[in-house]
Amino acid sequence: MNDEQAFDRILCVLESWLYISKFITDLQMISCEWIGDENGGKLRLLDQRELPLKVDYVECPDVVSVHRAIFDMTVRGAPAIGAAGAFGMALASFAIDTEDVDVFLEKLKASKNYLDSARPTAVNLEFATAR
């Protein structure tokens, strides 16, 4: 390969990288989004395992799916993990069907412990689930 061919290859790689960077920048990627209202809903997470080649989302309708998303590293980064945990607690609260406050709080604490177990060293997760 001569210098001109090498230069052409480098230029081709740079152009491809710029195209991909612009494509990803132009997308409005939301890492964590609540779909619903104050009466219930689900969490929609950007599947960060697929980036940068594919933009895909995972929907979490319950605490188990949020735990799985945190554990499997679907969601990454301390702030996003904390937000996912907080939304997980909201999902847990919607799923608890009781009029007894003590039972409600006991089940909510169990959900907090379960979510925290998805990534035990994630400080933001424990902080968010404790709120």
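**Thr 129 and its surroundings**

Author: Happy to! The side chain of Thr 129 makes a polar contact with the side chain of Asp 116, at 2.7 Å. A polar contact here is a pair of N or O atoms within 3.5 Å; within protein, one must be able to donate a hydrogen and the other to accept it, and residues adjacent in sequence count only if both atoms are side-chain atoms. Please keep in mind that this is a predicted model, where local features need pLDDT of at least 70 and side-chain atom pairs count only at pLDDT 80 or more, while totals for chains, interfaces and linings use all residues. Residues are numbered from 1 along each chain as its sequence is written, and side-chain values use heavy atoms, with hydrogens and water left out.

Thr 129 sits in helix α5, residues 123-129. Helices (H or I, at least four residues) and strands (E, at least two) are DSSP runs, numbered from the N terminus. Thr 129 counts as buried because its relative accessibility is 5%; buried means under 20% relative accessible area, exposed over 50%, and partly exposed in between (1.4 Å probe, protein chains only). Leaving aside residues up to four places away in sequence, Thr 129 touches Gly 85, Met 89, Lys 112, Leu 115 and Asp 116, where contact means heavy atoms within 4.5 Å.

Two of those neighbours are partners themselves: Asp 116 and Lys 112 meet through their side chains in a salt bridge, 2.3 Å from N to O. The term stands for a side-chain nitrogen of Lys or Arg within 4 Å of a carboxyl oxygen of Asp or Glu. Both residues belong to helix α4 (residues 101-116), four residues apart, about one turn of the helix. An α-helix has 3.6 residues a turn, so residues three or four places apart point the same way. Asp 116 and Lys 112 are both buried.

How many salt bridges does the structure hold? There are four. One of them joins the side chains of Glu 59 and Lys 42, at 2.8 Å from N to O. Glu 59 is in strand β3 (residues 57-60) and Lys 42 in strand β2 (residues 40-46), so this pair ties together parts 17 residues apart in sequence. Glu 59 is partly exposed at 43% relative accessibility, and Lys 42 is also partly exposed, at 29%. Another salt bridge links the side chains of Arg 49 and Asp 47, at 2.9 Å from N to O. Here Arg 49 is partly exposed, with a relative accessible area of 40%, whereas Asp 47 is buried at 3%.

Next comes helix α2 (residues 63-71), where Val 63, Ser 65, Val 66, His 67, Ala 69 and Ile 70 are buried. Their cover includes β2, β3, α3 (78-95), α4 and α5; α5 is also the helix that holds Thr 129. After α2 comes Met 73, with a positive phi near 65°.

Finally, the whole chain. Its five helices and three strands run α-β-β-β-α-α-α-α from the N terminus on. Of its 131 residues, 28% count as buried. Among contacts between residues at least 6 apart in sequence, 48% join residues at least 24 apart. The chain exposes about 8,800 Å², and carbon and sulfur atoms supply 58% of that area. Accessible areas come from the Shrake-Rupley method with a 1.4 Å probe; for residues, only the protein chains shown count as cover.
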